[in-house]
Amino acid sequence: MTRREEREAIFKTIFQLPFYSEAEELPEIDIEDYKPSEKNSDYINAKVENIKEKLPVIDEYIQKNSRGWKLNRIGKAELAILRVGVYELIFDDDIPDAVAVNEAVELSKKFCNDKSSAFINGVLANIMNQK
């Protein structure tokens, strides 16, 4: 399983967050299509838990850098991609900033509309430049 496939599985899991209340258990994404090893599964689950734990801070970064867009107006797929991207930029020292932004843009090209990649790139570039 490649790092890109791991990131996609993380995105798909984070995408589900707005659809479940705190009391409901978030269902696991069926990542069997990716044929993950135990190491891959552990990595994915750890990243998802870290993102969930830091979600208020991540959302604050998104809100401050989305130039007039309230979180509830941002598409759910775009928001999930931004959450993964911001986490990688701010909290994951193992991933270079340019890679985090590029991978988020690539996810948006796969899962969002044509204009989303420019929006995601702009938000993440603003955050990257503030570091």
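Mentor: Let us begin with the term we need for the overall fold: helices and strands are DSSP runs, a helix being H or I with at least four residues and a strand being E with at least two, numbered from the N terminus. Please keep in mind that this is a predicted model.

Trainee: How many helices and strands does the protein chain have?

Mentor: The protein chain has 6 helices and 0 strands. Along the sequence, its pattern reads α-α-α-α-α-α.

Trainee: What share of the 131 residues in the protein chain is buried?

Mentor: A residue is called buried when its relative accessible area is under 20%. By that rule, 44% of the 131 residues in the protein chain are buried. The chain exposes about 7600 Å², and carbon and sulfur atoms supply 48% of that area.

Trainee: Which residues of the largest nonpolar core touch the most other members?

Mentor: The general idea comes first: in soluble globular proteins, nonpolar side chains tend to be buried together. Here the largest nonpolar core has 34 residues, and Ile10, Ile14, Ile51, Ile62 and Leu124 touch the most other members. At least two residues of this core come from each of α1, α2 (38–53), α3, α4, α5 and α6. The helix that gives the most is α4, with 9 residues.

Trainee: Which residues does Ile51 touch, not counting those up to four places away in sequence?

Mentor: With those sequence neighbours set aside, Ile51 touches Ile10, Ile14, Ile58, Val84 and Tyr87. For the protein chain as a whole, consider the contacts with a separation of 6 or more: residues 24 or more positions apart account for 70% of them.

Trainee: How many of the 16 residues of α4 are buried?

Mentor: In α4, 13 of the 16 residues are buried, so this helix is largely enclosed by the rest of the structure. From its first C-alpha to its last, α4 reaches 22 Å, close to the 22 Å expected at 1.5 Å a residue.

Trainee: What are the buried residues of α5, and which helices do they pack against?

Mentor: In α5 the buried residues are Ala100, Val101, Glu103, Ala104, Val105, Leu107 and Ser108. These buried residues of α5 pack against α1, α4 and α6. The length of α5 may be checked too: at 1.5 Å a residue its 15 residues should span 21 Å, and its end C-alpha atoms are 21 Å apart, which agrees.

Trainee: Is Ser108 buried or exposed, and which residues does Ser108 touch?

Mentor: Ser108, found in helix α5, has 0% relative accessibility and counts as buried. Leaving out residues up to four places away in sequence, Ser108 touches Ile81, Asn113, Ser116, Ser117 and Ile120.

Trainee: How many aromatic pairs does the structure hold?

Mentor: A pair of aromatic rings is described by the distance of the centres and the angle of the planes. The structure holds 4 aromatic pairs. One of them joins Phe11 and Phe111; this pair is tilted, with 4.9 Å centre to centre and 45° between the planes. The pair links distant parts of the chain, since Phe11 lies in helix α1 (residues 3–16) and Phe111 in helix α5 (residues 97–111), 100 residues apart. Phe11 counts as buried at 3% relative accessibility, whereas Phe111 is partly exposed at 31%. Ring pairs also link Phe11, Phe15 and Phe111 into a cluster.

Trainee: Which parts does the pair of Trp69 and Phe119 tie together?

Mentor: Trp69 and Phe119 form a tilted pair, 5.6 Å centre to centre with 55° between the planes. Trp69 lies in the loop between α3 (55–65) and α4 (76–91) and Phe119 in helix α6 (residues 116–130), so the pair ties together parts that are 50 residues apart in sequence. Trp69 is partly exposed, at 33% relative accessibility, and Phe119 is partly exposed as well, at 22%.

Trainee: Which residue lies over the face of Trp69?

Mentor: Arg73 lies over the face of Trp69, at 4.4 Å from the ring centre. Lys54 lies over the face of Phe91, at 5.1 Å from the ring centre.

Trainee: Where is Arg67 placed, and is Arg67 buried or exposed?

Mentor: Arg67 sits in the loop between α3 and α4, and is exposed, with a relative accessible area of 68%. Although Arg67 is not a glycine, it has a positive phi of about 45°.

Note on methods. Residues are numbered from 1 along each chain as its sequence is written. This is a predicted model: local features need pLDDT of at least 70, side-chain atom pairs count only at pLDDT 80 or more; totals for chains, interfaces and linings use all residues. Side-chain values use heavy atoms; hydrogens and water are left out. Rings of Phe, Tyr and Trp (its six-membered ring) pair if their centres lie within 6.5 Å; planes under 30 degrees apart count as stacked, over 60 as edge-to-face and the rest as tilted. Buried means under 20% relative accessible area, exposed over 50%, partly exposed in between (1.4 Å probe, protein chains only). A charge sits over a ring if NZ of Lys or CZ of Arg is within 6 Å of the ring centre and within 35 degrees of the ring normal. Contact means heavy atoms within 4.5 Å. Accessible areas come from the Shrake-Rupley method with a 1.4 Å probe; for residues, only the protein chains shown count as cover. A nonpolar core is a set of buried Ala, Val, Leu, Ile, Met, Phe, Trp, Tyr and Cys residues joined through side-chain atoms within 4.5 Å. The expected span of a helix is 1.5 Å times one less than its number of residues.
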